[in-house]
Amino acid sequence: MTDKTMSVDDVVGRLRSGMTVGIGGWGSRRKPMALVRALLRSEISDLTVISYGGPDVGLLAAAGRIRRLVAPFATLDSIPLEPHFRAARERGAFALTELDEAMFMWGLHAAANRLPFLPVRAGLGSDVMRVNPQLRTVTSPYEDGEEFVAVPALRMDAALVHLNRADRLGNGQYLGPDPYFDDLFCEAADTAYVSCEQIVESFGADVVPQTLLVSRHSVTGVVETPNGAHFTSCVPDHDRDEPFQKLYATTPWPEFAARFLTGKSEDDYQAAVRAWHAERAETEEARK
């Protein structure tokens with residue numbers, strides 16, 4: 001039995017520039033934002049990022065930390081296109097490998113199963129083949145002779161995911177409506193770090209087995225980060241902070257970063273967010 005608890009700084013201390021890092025969650029839902037913010041406080045850069053992109057991608061792109069992004073999209077959900085991702089992409093700040101959502105998923109499956117690729121129908125007949133000329137097709141060796149896209153494995157040096165609960169051994173539980181693909185991210189990576197809203201001492205016999213998404217065998221470290229998915233959602237613990245997300249999306253990056261990302265710790269970020277909400281409440285009260 002091994003206690004795998006770590007701090008956010010411990011996790012970042014194990015990462016290096018030039019790595020391929022996978023980030024779990026989906027869009028602006030259950031993203032390991034405390035770990036992403038810790039990355040921003042470091043000097044780590046030149047990353048290949050693999051993600052169902054949301055503000056994790058936007059923050060890292062705006063800060064110039066991404067060399068290549070592998071993603072099917074970058075969205076804030078209620079705001080369709082992640083604005084800081086878009087701005088960075090439009091100025092050519094990083095290379096982009098854009099895959100169909102199903103191709104991306106099977107790339108994770110291939111990596112998790114230590115396969116070089118998996119054959120899929122997704123992508124055939126679409127521009128995804130045109131914009132990714134490095135992709136290849138394979139022909140079924142059986143009588144059907146069907147052609148498939150050979151989606152390469154999305155192997156990672158490290159994966160970062162956020163869950164509702166975890167124990168000290170590395171088992172992780174989601175309590176919301178969707179597991180996304182956090183288990184595949186962990187299994188597809190050489191090392192995997194789980195942040196969570198709360199560390200529990202154990203999962204009792206009353207726990208629904210299907211909610212135990214991530215198994216300790218694929219986890220390197222566990223970090224307790226209450227509200228660590230902010231401003232993305234982590235239901236049922238908290239919804240997306242829509243007013244703050246709107247602020248993020250409409251504020252010039254230097255101004256946003258100066259106010260919320262220049263602190264020395266995650267506590268500083270959370271305090272800055274609380275101060276902003278207090279100011280907003282005072283302004284709204286004054287208008288009444």
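# Terms and values in this model

Visitor: What makes helix H2 count as mostly covered?

Guide: In H2, 8 of the 9 residues are buried. Buried means under 20% relative accessible area, exposed means over 50%, and partly exposed is what lies in between, with a 1.4 Å probe and protein chains only. The buried residues are Met 33, Ala 34, Leu 35, Val 36, Arg 37, Ala 38, Leu 39 and Leu 40.

Visitor: Where do these values come from?

Guide: This is a predicted model: local features need pLDDT of at least 70, side-chain atom pairs count only at pLDDT 80 or more, and totals for chains, interfaces and linings use all residues. Residues are numbered from 1 along each chain as its sequence is written, and side-chain values use heavy atoms, with hydrogens and water left out.

Visitor: How do you know how many helices and strands there are in the protein?

Guide: Helices (H or I, at least four residues) and strands (E, at least two) are DSSP runs, numbered from the N terminus. By that rule the protein has 10 helices and 11 strands.

Visitor: Why does the radius of gyration agree with a compact globule?

Guide: The radius is taken over C-alpha atoms, and the globule rule is 2.2 Å times the number of residues to the power 0.38. For 288 residues the rule gives a value near 19 Å, and the protein has 19 Å, so the two agree. Along its principal axes the C-alpha trace spans about 75 × 50 × 35 Å. Of the 288 residues, 53% are buried.

Visitor: What makes a group of residues a nonpolar core?

Guide: The members must be buried Ala, Val, Leu, Ile, Met, Phe, Trp, Tyr or Cys residues, joined through side-chain atoms within 4.5 Å. The largest such core has 48 residues, and Leu 59, Phe 244, Phe 260 and Leu 261 have the most contacts inside it. Helix H2 (residues 33-41) gives the largest share of this core, 6 residues. Apart from it lies another core, of 37 residues, among them Trp 26, Ile 50, Val 128 and Val 151. In soluble globular proteins, nonpolar side chains tend to be buried together.

Visitor: Which residues does Phe 244 touch, not counting those up to four places away in sequence?

Guide: Contact means heavy atoms within 4.5 Å. Phe 244 touches His 230, Phe 231, Phe 256, Phe 260, Tyr 269, Val 273, Trp 276 and His 277. For the protein, among contacts between residues at least 6 apart in sequence, 74% join residues at least 24 apart.

Visitor: Why is Lys 264 called exposed?

Guide: Its relative accessibility is 78%, so Lys 264 counts as exposed. Lys 264 sits in the loop between helix H9 (253-260) and helix H10 (266-287). From Lys 264 to Arg 41 there are 223 residues in sequence and 7.3 Å in space, C-alpha to C-alpha.

Visitor: Is Ser 78 buried, partly exposed or exposed, and why?

Guide: Ser 78 has 42% relative accessibility and therefore counts as partly exposed. The loop that holds Ser 78 runs between strand E3 (66-71) and helix H4 (83-90). Leaving aside neighbours within four places in sequence, Ser 78 is in contact with Arg 240, Glu 242 and Gln 245.

Visitor: Which peptide bond ending at Phe 231 is cis, and which one ending at Pro 236?

Guide: The bond from His 230 to Phe 231 is cis, with omega near 10°. The bond from Val 235 to Pro 236 is cis too, with omega near 5°. Phe 231 lies in the loop between strand E11 (221-224) and helix H8 (242-250), and Pro 236 is placed in the loop between E11 and H8.
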